[in-house]
Amino acid sequence: MELYFSTTLLKFRPPLSLLSPITSLSLTTPLLLQPKKNLSNLHTLSYSRQFFHPQHPSHRNSIHFTAFSSPASVASAKDRLPADVEVTETEEPNSRVRLSVEVPAVVCEDCYQRVIREFTKLAKIPGFRPGKKVPETVLINHIGKKNVQKATIESILKRTFPHAMSSVTGRALNDSIRIVTKFSDMEETYSSQKSLRYDIIVDVAPEVKWVPENGYKNLKIVVEIDSDIDAQRASEQELKRRYKSLGLLRIITDRGLQIGDVVVLDISATTIDQDESNVQKIPSAESKGFHFDTEDGDKVLPGFLDSIIGIRQGETKSFPLVFPESWRQENLRGVHAQFTVECKELFYRELPELNDSLAEKLLPGCTTLEQVKESLLQRCLEVEQTAKEQATDNAILDQLHKMIEVDIPQSLFEEQGRQLYGAQLLQIQANMKLNEQQLASLSSPKAVNEYLESQKENITSVIKQNLAVGDIFRRENLQFPTEELVKEVENSISEFKRHKQEYDEERIREQVQEVLEGAKVLEWLKEHAEIEYKTR
C-alpha cells in the first residue's frame with residue numbers, strides 16, 4: 001500500500017499552459033469538400049497552473065493525512081524533533097526524486113510518548129477519571145497494542161515528513177508526493193527496531209535545457225498564411241457571396257450544367273480494385289441532396305467539377321477520381337475511387353445589376369457600392385491581422401518546443417493530457433449533446449488512458465511549449481503592469497457573477513497572471529525574432 005498526500009505540498013508555480021483548440025470535421029459535409037479554414041480554429045493561448053491529481057491503482061486504499069490541510073503547515077511549520085532525521089535524495093528518471101528517510105529511535109520514542117499522552121486525555125477507562133494518569137499497560141490494553149502502534153507510526157510520519165521534504169521545497173509538483181513504503185513494512189521495522197524507515201517519491205519542477213543555449217533570443221521564423229485569409233481576396237469573395245444571395249434561382253430544363261449554376265446532387269463512391277470482391281463503399285463520400293455551387297469548384301475534389309459539367313436533371317454520371325496526397329483524410333490519400341452522381345435539380349441565378357442601389361441590401365448602413373467594398377475590406381483586414389498574429393504565435397511556439405530538452409514528470413504529463421482530453425469532451429458534448437451513458441463511456445479511465453497514449457507526442461509538445469515560455473519569462477525578468485492584472489481579474493469575476501457561477505478568486509488571479517505572462521513572452525519574442533511571411 002502506498003501512502004498518498006491528498007493536499008498541495010510545497011507549492012510550485014507550474015509553467016504556463018498553452019492549449020490548442022480542438023478542430024472537428026462536420027458530420028454532414030460530403031467528403032469531396034475540402035473544409036474551409038476557420039480562423040477561430042487557429043491556435044490560441046490559454047493558461048493553467050492547476051495541477052492534476054494523478055489517479056493511482058491503489059488510491060482507494062491509500063491513507064490520507066488530513067493533518068496536512070495547509071501547505072504552510074507542511075512547508076514551514078516544522079515540529080521540533082529531539083534528533084535529526086537522515087534523508088538520502090536519489091534522482092530518478094522523469095524529473096522524479098526518491099527521498100529515503102531514516103527516523104532514529106529517539107524520535108520514534110518521543111512520538112510514542114506523545115501518542116500515549118493524547119490517548120490518556122481522550123480515553124474513557126472504567127475506574128479512572130478522564131484526563132487522570134493511567135498506567136501505561138492499562139491504557140495500551142484498553143486501546144489495543146496494534147492501534148497504539150499505528151497511531152505512533154502516523155505521528156512519526158506527520159512530524160518527520162516536513163523535515164524529509166526540506167530538500168525539495170519550492171520544486172515539488174502539486175499532488176505528486178507519495179510515501180511508497182508499505183505500511184505493513186513500517187509496522188514491522190518499528191516493532192523490531194523501534195525506529196522507522198520510509199521512502200517518499202516526488203516529481204519536481206523539470207530543468208529546461210536550451211539547445212543551443214539562449215537560442216530563443218535569435219529566432220528565425222517562417223509563418224505560412226493561408227490564401228483564404230488574404231484581406232483583398234476575402235473581401236471580394238464576401239461581396240460576391242452577398243451579391244449572389246440577392247439573386248433568384250431559376251430551374252433549368254433545356255440544357256446541362258454550366259459554370260455559375262447551382263446543382264442538387266446525390267453522390268456515392270466506391271474504391272476501385274481489379275478484384276471486385278475488394279471493392280468497398282466510401283461512406284464519408286456519400287451525400288443526398290448536396291447543394292453545389294459550381295463557382296466553388298476549387299473547394300471540391302480535383303476533377304469533380306469537370307466530370308459533372310453538362311449533366312442534366314435526372315441524369316446519372318459515373319467517373320473515376322484519385323484523392324490527392326494532400327487530402328485531409330489520411331486514409332484516403334492516393335485512393336482511386338469511382339464516383340456515381342445523380343442530378344436531382346439544376347438552377348441558374350437571376351441576378352440584379354450590381355450598382356449603388358444594392359448597397360443597403362449588401363451591407364446595412366452603406367449607400368454606395370464603394371462604401372460596401374471599403375467596409376468589407378476593413379473587416380477582412382482585421383481578420384487577416386488577427387490570423388497573422390495567431391499564426392505567428394503558433395510558429396514561435398512550435399519552434400520553441402523543438403529547442404529545449406527536458407525530462408517531463410509523469411504527473412505533469414497526465415495533468416496536461418487530461419486537460420486536453422477534458423477540453424475535447426466539452427466540445428463533443430457541446431456539438432453532439434451526449435447522453436449520460438455516452439459521457440460515462442468517454443470519461444472512463446480506459447478512454448482517458450487510450451487518449452494519453454495516442455496523443456503522447458502532442459501532449460509532450462504542449463508541455464515543452466509551456467516550460468519554454470515560463471523559462472523565458474523568468475530568464476528575461478519580464479513584467480506587466482499590476483493595474484492590468486487587477487483589471488482583468490475584476491473583469492473575470494464579473495463574468496462569473498453575471499452567469500451566477502461559483503469561483504475561486506485566487507485561482508482566477510493565477511490564471512489571469514499566466515495569460516499576461518504568456519502574452520508578454522510572445523510579445524518579447526516577436527520583437528527579437530526574424531519573421532518571414534509566406535502565402536500558401
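Modeller: A disulfide is a pair of cysteine sulfur atoms within 2.5 Å, and by that test this structure holds zero disulfides. This is a predicted model, in which local features need pLDDT of at least 70 and side-chain atom pairs count only at pLDDT 80 or more, while totals for chains, interfaces and linings use all residues. Residues are numbered from 1 along each chain as its sequence is written, and side-chain values use heavy atoms, with hydrogens and water left out.

Biologist: How many helices and strands does the protein chain have?

Modeller: Helices (H or I, at least four residues) and strands (E, at least two) are DSSP runs, numbered from the N terminus. Read in that way, the protein chain has 15 helices and 14 strands.

Biologist: What share of the residues of the protein chain count as buried, and are Cys 343 and Cys 380 buried or exposed?

Modeller: Buried means under 20% relative accessible area, exposed means over 50%, and partly exposed lies in between (1.4 Å probe, protein chains only). Of the 536 residues of the protein chain, 41% count as buried. Cys 343 counts as buried because its relative accessibility is 1%, and Cys 380, with a relative accessible area of 13%, is buried too.

Biologist: What does Thr 392 touch, leaving aside residues up to four places away in sequence?

Modeller: A contact means heavy atoms within 4.5 Å. With residues up to four places away in sequence not counted, Thr 392 touches Val 223, Lys 526, Ile 531 and Tyr 533. Thr 392 lies in helix H9 (residues 369-402) and counts as buried, because its relative accessibility is 1%. Between Thr 392 and Ile 221 there are 8.1 Å in space, C-alpha to C-alpha, although the two are 171 residues apart in sequence. Over the protein chain, residues 24 or more positions apart account for 76% of the contacts with a separation of 6 or more.

Biologist: With which side chain does the side chain of Thr 392 make a polar contact?

Modeller: A polar contact is a pair of N or O atoms within 3.5 Å; within protein, one must be able to donate a hydrogen and the other to accept it, and residues adjacent in sequence count only if both atoms are side-chain atoms. For Thr 392 the partner is the side chain of Tyr 533, at 2.9 Å.

Biologist: How many bridges join strand E9 to strand E12?

Modeller: Two strands pair if DSSP finds at least two bridges between them. E9 is joined to E12 (residues 336-350) by ten bridges, and the two run antiparallel, with Thr 271 standing opposite Ala 337 in E12. E9 also pairs with strand E10 (residues 287-293), in the antiparallel sense and over five bridges, and Leu 265 has Phe 290 as its bridge partner in E10. Seven of the ten residues of E9 (residues 262-271) are buried, so this strand is largely enclosed by the rest of the structure.

Biologist: How many aromatic pairs are there?

Modeller: Rings of Phe, Tyr and Trp (its six-membered ring) pair if their centres lie within 6.5 Å; planes under 30 degrees apart count as stacked, over 60 as edge-to-face and the rest as tilted. By this rule the count comes to eleven aromatic pairs. The pair of Tyr 216 and Trp 524 is tilted, because the ring centres are 5.9 Å apart and the planes stand at 50 degrees. This pair links distant parts of the chain, 308 residues apart: Tyr 216 is in the loop between strand E6 (209-210) and strand E7 (220-225), and Trp 524 is in helix H15 (residues 505-528).

Biologist: Which residues do ring pairs link into a cluster?

Modeller: The cluster consists of Phe 290, Phe 292, Phe 304, Phe 319, Phe 323, Trp 327 and Phe 339. Of these, both Phe 304 and Phe 339 are buried.

Biologist: Which peptide bond is cis?

Modeller: Most residues other than glycine have a negative phi, and most peptide bonds are trans. The bond from Val 211 to Pro 212 is cis, with omega near 0 degrees, and Pro 212 has its place in the loop between E6 and E7. Asn 214 is also in the loop between E6 and E7, and has a positive phi of about 60 degrees although it is not a glycine.
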